[in-house]
Amino acid sequence: MIKIVFQYVGPHGRHTEVYQDGELVRGYFFTDTSPLLLLWIACDLRYQNVADVLKNETDYPRRDDISESILARVGDRSLFSKYDVVYDTQAIPNAYLYLKDLKLARPIESILDYMDKLIKKICNELNDYDLEIEYGLDDRDIYKSWNLQP
């Protein structure tokens, strides 16, 4: 069984963690490839709530505007490397600027497509399709990581 945990930015710098049979087997780094943070930013730009979007995700037709370019960059650091604990205090505004610079017509749909493809990629690589998804949706994590108070 695979469990994928999406979070804005985790305590070890990982934004996405993959567990197989209860063991951490993958961790993805770099805030500008964080699916949940990018979705939070896309929702913020559209005055929508990320929890509502995830709850009603089937209402959003997918757009393959950025999936392959982000997927090519995701996962290029090894688990438990020095990148586990390195965290840039400017990561949040950098991710915000990154998404704005993409100039996507429909950013929410594009990020949901990216998340779908990342999930499929993980399942295919691990050859396991029994899946559980968990979302860490505590906005305070974003503000804490940037040393701001909400």
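The model is predicted, so local features need pLDDT of at least 70 and side-chain atom pairs count only at pLDDT 80 or more, while totals for chains, interfaces and linings use all residues. Residues are numbered from 1 along each chain as its sequence is written, and side-chain values use heavy atoms, with hydrogens and water left out.

Helices here are DSSP runs (H or I, at least four residues), numbered from the N terminus.

Helix α1 (residues 35–45) packs on α5 at an angle of about 165 degrees, and the two axes lie 9 Å apart. Axes are lines fitted to C-alpha atoms, for helices over the stretch in contact, and angles run from 0 to 180 degrees between N-to-C directions. The pair is therefore roughly antiparallel, a description used for angles over 145 degrees. On the α1 side, the contact (heavy atoms within 4.5 Å) involves P35, L38, L39, A42 and C43. Its partners on α5 are P107, I108, I111, L112, Y114, M115 and L118. C43 is buried, at 1% relative accessibility.

K117, also in α5, is partly exposed because its relative accessibility is 22%. Neighbours within four places in sequence aside, K117 is in contact with D64, S67, E68 and L71. L71 is 46 residues from K117 in sequence, yet their C-alpha atoms are 8.1 Å apart.

Most residues other than glycine have a negative phi. Y47, in the loop between α1 and α2 (50–55), has a positive phi of about 55 degrees although it is not a glycine. K103, in the loop between α4 (91–102) and α5, likewise has a positive phi, near 50 degrees. Y47 is exposed at 79% relative accessible area, and K103 is exposed at 71%.

Definitions and conventions. Buried means under 20% relative accessible area, exposed over 50%, partly exposed in between (1.4 Å probe, protein chains only). Helices (H or I, at least four residues) and strands (E, at least two) are DSSP runs, numbered from the N terminus. Angles under 35 degrees count as roughly parallel, over 145 as roughly antiparallel, 65 to 115 as roughly perpendicular and the rest as oblique.
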